[in-house]
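These are short notes for a first reading of the fold. Please keep the structure open while going through the points.

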Amino acid sequence: MYNALPEKIQSFMPPIIIKSPHTGKPLAVAGDQWFAIDETVTLDYLRSIWTRTVGGKAVEENKNVEKKEFQVESSRTGEVYTVSFGMSGAHCTCAGYGFRRKCSHIDKVRKENSL
Ligand SMILES: [Zn+2]
């Protein structure tokens, strides 16, 4: 049996999702910790509850370095753009960002995720 997913995950390696070769059910793997999850748990969610630890100590500053990506659907065209946050700031794959270096998708993600 695997443990249920806790509220916080601490490990050196970021969590990943695999399918159990035995049961075919999804599992979250973070370092040497294995958690039973259901299909509704996403990698984004796992990353959001994850803290990198080195030698048992949380390394908070690495969270800012870690690149975060969000898929945003355009309300006008229905096209899906990728908004990412990294060390060099926010980026979006839409044309508007290409011209102006800012766009409504980034604003939307910032607002919804308090980034
Ligand atoms: Zn955009």
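1. Strand β2 and strand β6 (residues 50-54) run parallel and are joined by 3 bridges. Two strands count as paired if DSSP finds at least two bridges between them. Strands (E, at least two residues) are DSSP runs, numbered from the N terminus. Within this pair, Q10 lies opposite T51 of β6.

2. This is a predicted model, in which local features need pLDDT of at least 70, side-chain atom pairs count only at pLDDT 80 or more, and totals for chains, interfaces and linings use all residues. Residues are numbered from 1 along each chain as its sequence is written.

3. Which strands make up the open sheet with mixed pairing? The sheet has 3 strands in the order β2-β6-β7. Its edge strands are β2 (9-11) and β7 (57-58), each of which pairs on one side only.

4. Strand β3 (residues 16-19) and strand β4 (residues 26-30) are antiparallel, with 4 bridges joining them. K19 stands opposite P26 in β4. This hairpin has 6 residues between the strands, and G24 takes a positive phi near 75° there.

5. β4 also pairs with strand β5 (residues 33-36), in the antiparallel sense and over 4 bridges. The bridge partner of A28 in β5 is F35. The β4 and β5 hairpin has 2 residues between the strands, and G31 has a positive phi near 60°.

6. The chain is assigned domain 1 (3-63) and domain 2 (67-113); such bounds come from an automatic or database domain assignment. The centres of domain 1 and domain 2, taken over C-alpha atoms, are separated by 26 Å.
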